[in-house]
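Here are my notes on this model, written as numbered points. Please keep the structure open beside you as you read.

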Amino acid sequence: MRVLTGIQPSGDLHIGNYFGSIKQMVEAQKKSETFAFIANYHAMTSGGKDLSRLTMQCATDFLALGIDPQKSTFWIQSDVKEVLELYWILSSFTPMGLLERAHSFKDKTAKGIPANHSLFSYPVLMAADILLFGSEVVPVGKDQIQHVEIARDVATKFNNAYGDILVMPEFRVQEEVQTVPGIDGQKMSKSYGNIVNIFGEEKKQLKTIKKIVTQNVAMEEPKEYENCNVYNIAKLFLEGDNLTELQERYKRGGEGHGHFKIYLAEVMWEYFREFRKKREYYENNQDEVREILNMGANKARQTAMPMIEKIRDVTGIKY
Ligand code: ADP
Ligand code: TRP
């Protein structure tokens, strides 16, 4: 089974990205043919600030978190230009109405992001990403389901015109991983300024965690853990007895939320310890990261070439 996903390099990776997406991709490497790329063309649609630095940072983070270049094809979107060619070809199979109905475009423009053409046509580029590599499964967050459905609609229109050429992709949403809350209790998201970084400095991490919004309950009183933002983040890092013990501490009373926050900071710091070591290695060996990305782009291109050749052939772009 061929699994593909992309992530935009539009800011620091946070623990919502990790538990909602990256961890799944790392696990998928064990049993599927996996394709993972940094969607730098996509990041231009939301301003593309500091794009070059963030692209390398995101690639470094991915490698540190367990994307294995021996097992996965891992590259930067802009290194395989065929995707832009397919984007144009697919545009001719994309009705305006399909894009006008896209929630993501409507939400972003409602928030005041200027409605430029790239923001509007972003789902067509995403369809090209998916279809160029014959992807069968696309792991995404709930907000991206509609974009995979658009890719299916566009693929159907193309195939109706030219025969069974494009593979029909399916989305996969990890139901058991709920939305990770941010420090304000809303969905953790770069765009809401409520994130806990994966690779922040220790003191800054603690400072951020101390800002997590909690209920006001006296120190000696028992506390509810189910709806507590600190608990809901901490449980992602804990299992078995450690998790039960934390629940007991809430129920027992005698400790304040401040104690649970310090505990969360410690647990999180420990959880990412090995990843941090790996990150430091790649940070100090950026040439090696570039080499890995080049190798990945070559592998990705090899997969893409037969598909784009076939598409050029049937559409008459090749003459
Ligand atoms: P952001 O909302 O911070 O801009 P992205 O849209 O770049 O994040 O998301 C990249 C991936 O991480 C997507 O697959 C998305 O579903 C996942 N993700 C982002 N935030 C969360 C969250 N709070 N909980 C679970 N998954 C998340
Ligand atoms: N649009 C996705 C996001 O914002 C990123 C992305 C770009 C992607 N191309 C993709 C995800 C192809 C999956 C498949 O999260």
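1. Ser104 is buried, with a relative accessible area of 19%. Buried means under 20% relative accessible area, exposed means over 50%, and partly exposed lies in between (1.4 Å probe, protein chains only). Ser104 sits in helix H6, residues 103-110. Helices here are DSSP runs (H or I, at least four residues), strands are DSSP runs too (E, at least two), and both are numbered from the N terminus. Ser104 touches Gln146 and His147, leaving out residues up to four places away in sequence. Contact means heavy atoms within 4.5 Å.

2. A word on the ground rules. This is a predicted model, where local features need pLDDT of at least 70, side-chain atom pairs count only at pLDDT 80 or more, and totals for chains, interfaces and linings use all residues. Residues are numbered from 1 along each chain as its sequence is written, chains are lettered from A and ligands numbered from 1 in the order in which they are written, and side-chain values use heavy atoms, with hydrogens and water left out.

3. Next, the overall layout. The protein chain is divided into domain 1 (2-179 + 286-315) and domain 2 (200-271). These bounds come from an automatic or database domain assignment. The C-alpha centres of domain 1 and domain 2 lie 35 Å apart. Five residues of domain 1 are in contact with six residues of domain 2.

4. Which residues are closest to ligand 1? They are His14, Gly141, Val180, Ser189 and Lys190, and 14 residues surround the ligand. A residue counts as near a molecule or strand if one of its heavy atoms lies within 4 Å of it. Helix H1 (residues 15-28) gives the largest share of this shell, four residues. By type, the shell of ligand 1 has three nonpolar, eight polar and three charged residues. In this count Ala, Val, Leu, Ile, Met, Phe, Trp, Tyr, Cys and Pro are nonpolar, Asp, Glu, Lys and Arg are charged, and the others, Gly among them, are polar.

5. Look at the polar contacts of ligand 1. A polar contact is a pair of N or O atoms within 3.5 Å; within protein, one must be able to donate a hydrogen and the other to accept it, and residues adjacent in sequence count only if both atoms are side-chain atoms. A side-chain N or O atom of Lys187 is 3.0 Å from a nitrogen atom of ligand 1. A polar backbone atom of Met188 is 3.0 Å from a nitrogen atom of ligand 1. An oxygen atom of ligand 1 lies 2.8 Å from a backbone N or O atom of Lys190. Taken alone, ligand 1 exposes 540 Å², and the protein buries 85% of that. Such areas come from the Shrake-Rupley method with a 1.4 Å probe; for residues, only the protein chains shown count as cover.

6. Now ligand 2. It is surrounded by 13 residues, and the closest are Gln8, Tyr122, Met126, Asp129 and Gln144. Strand S1 (2-7) and helix H7 (117-132) each supply at least two residues of this shell. H7 gives the largest share, four residues. The shell of ligand 2 holds seven nonpolar residues, five polar and one charged.

7. How far is a polar side-chain atom of Gln8 from an oxygen atom of ligand 2? The distance is 3.0 Å. A side-chain N or O atom of Tyr122 lies 2.6 Å from a nitrogen atom of ligand 2. For Gln144, a side-chain N or O atom is 3.0 Å from a nitrogen atom of ligand 2. On its own, ligand 2 exposes 370 Å², and the protein buries 89% of that.

8. Stay with Gln144. It lies in the loop between strand S4 (137-139) and H8. Is Gln144 buried or exposed? Gln144 is buried, at 17% relative accessible area. Apart from neighbours within four places in sequence, Gln144 is in contact with Tyr122 and Met126.

9. Helix H4 (residues 82-91) has buried residues Glu82, Val83, Leu86, Tyr87, Ile89 and Leu90. They pack against helix H2 (40-43), H7, helix H8 (145-162) and helix H14 (286-315).

10. Finally, Asp50. It is found in the loop between H2 and helix H3 (51-64). Asp50 is partly exposed, with a relative accessible area of 41%.
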